[in-house]
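Let's take a friendly walk through a protein model. Have the sequence and the 3D view ready, and look up each residue as we meet it.

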Amino acid sequence: MEKKVLVLNLDHSPVAIVTVQKALVLTILQKATSLANFDYLRIRTIDREFFYPAVIRLYEYKNIPYRGVMLNRANLYKRDNFSCQYCGSKKNLTIDHVLPKSKGGKTTWTNLATACHRCNTLKGDKTPEQAGMKLFALPFRPTLSYFLVEYAERHAEEWIPFLQVRSV
């Protein structure tokens, strides 16, 4: 698997993840500077050798409207570590509205939790308190950095010092 490069804005906020080719073009054109490299990797041409960038920072601030992390099944499961928030099971996962829709609950990050089919059925059309169930963790809206840290821990530990994880 080819390593990816984290692109930071001038204020060090994450902007994108790009290929090494794109990162090298940005640095050669002096639109970005390298802040961290993958020490064990090099890119060689006939007459030059380049460090393989891990993190680059743009020289000019780019105003990129923050749209947040998309609320979808995959991201919700990832946020909840692919486990039921009531019993910890990792099988037959579904999505539960903590405050049921019939009681005014919305489809938002802070009202959705991953639940196994059994717990979701037991809870039914009740709140966790009414059903006598307790959530392992309260639902929250994750930031982009939250997901980038998870990726970085597995594939790019060089990114971690540049990512700040804050729950919103």
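## A tryptophan to start with

In which segment is the place of W159? W159 sits in the segment after α5, a helix that covers 144-155. Helices (H or I, at least four residues) and strands (E, at least two) are DSSP runs, numbered from the N terminus. Before going further, please note that this is a predicted model, where local features need pLDDT of at least 70 and side-chain atom pairs count only at pLDDT 80 or more, while totals for chains, interfaces and linings use all residues. Residues are numbered from 1 along each chain as its sequence is written, and side-chain values use heavy atoms, with hydrogens and water left out.

W159 counts as buried because its relative accessibility is 0%. Buried means under 20% relative accessible area, exposed means over 50%, and partly exposed is in between (1.4 Å probe, protein chains only). What does W159 touch, not counting residues up to four places away in sequence? Its partners are K4, V5, L6, I17, F38, A54, V55, L148, Y151 and A152. A contact here means heavy atoms within 4.5 Å. W159 and N37 are 122 residues apart in sequence, yet their C-alpha atoms are 9.4 Å apart in space.

## The overall picture

Now zoom out. The protein has 5 helices and 6 strands. Starting at the N terminus, the elements follow the order β-β-α-β-β-α-β-β-α-α-α. The C-alpha trace spans about 70 × 30 × 20 Å along its principal axes. The radius of gyration is 21 Å, whereas a compact globule of 168 residues would have one near 15 Å. That radius is taken over C-alpha atoms, and the globule rule is 2.2 Å times the number of residues to the power 0.38.

Of the 168 residues, 40% count as buried. The protein exposes about 10600 Å², and carbon and sulfur atoms supply 55% of that area. Such areas come from the Shrake-Rupley method with a 1.4 Å probe; for residues, only the protein chains shown count as cover. Among contacts with a separation of 6 or more, 59% join residues 24 or more positions apart.

## Charges and salt bridges

Lys and Arg count as positive and Asp and Glu as negative, while His and the chain ends are not counted. Side chains of opposite charge can pair when their charged atoms come close. How many salt bridges does a search of the whole structure find? The search finds 2. A salt bridge is a side-chain nitrogen of Lys or Arg within 4 Å of a carboxyl oxygen of Asp or Glu.

K123 is buried, with a relative accessible area of 0%, and D96 is buried at 2%. Helix α3 covers residues 117-123. Leaving aside neighbours within four places in sequence, K123 is in contact with Y86, D96, H97, V98, P100, P128, A131 and M133. Another salt bridge joins D80 and R79 (2.8 Å, N to O). D80 counts as buried at 8%, and R79 does too at 4%.

## A buried arginine without a salt bridge

R57 belongs to strand β4, residues 49-58. R57 is buried yet has no salt bridge, and the nearest side chain of opposite charge, D11, is 8.6 Å away. Beyond its neighbours within four places in sequence, R57 is in contact with L8, N9, L10, H12, K31, A32, T33 and L35.

Most residues other than glycine have a negative phi. N81 has a positive phi, near 60°, and F82 has a positive one near 50°. N81 is in the loop between α2 (73-79) and β5, and F82 is found in the loop between α2 and β5. Is F82 buried or partly exposed? F82 is partly exposed, because its relative accessible area is 41%.
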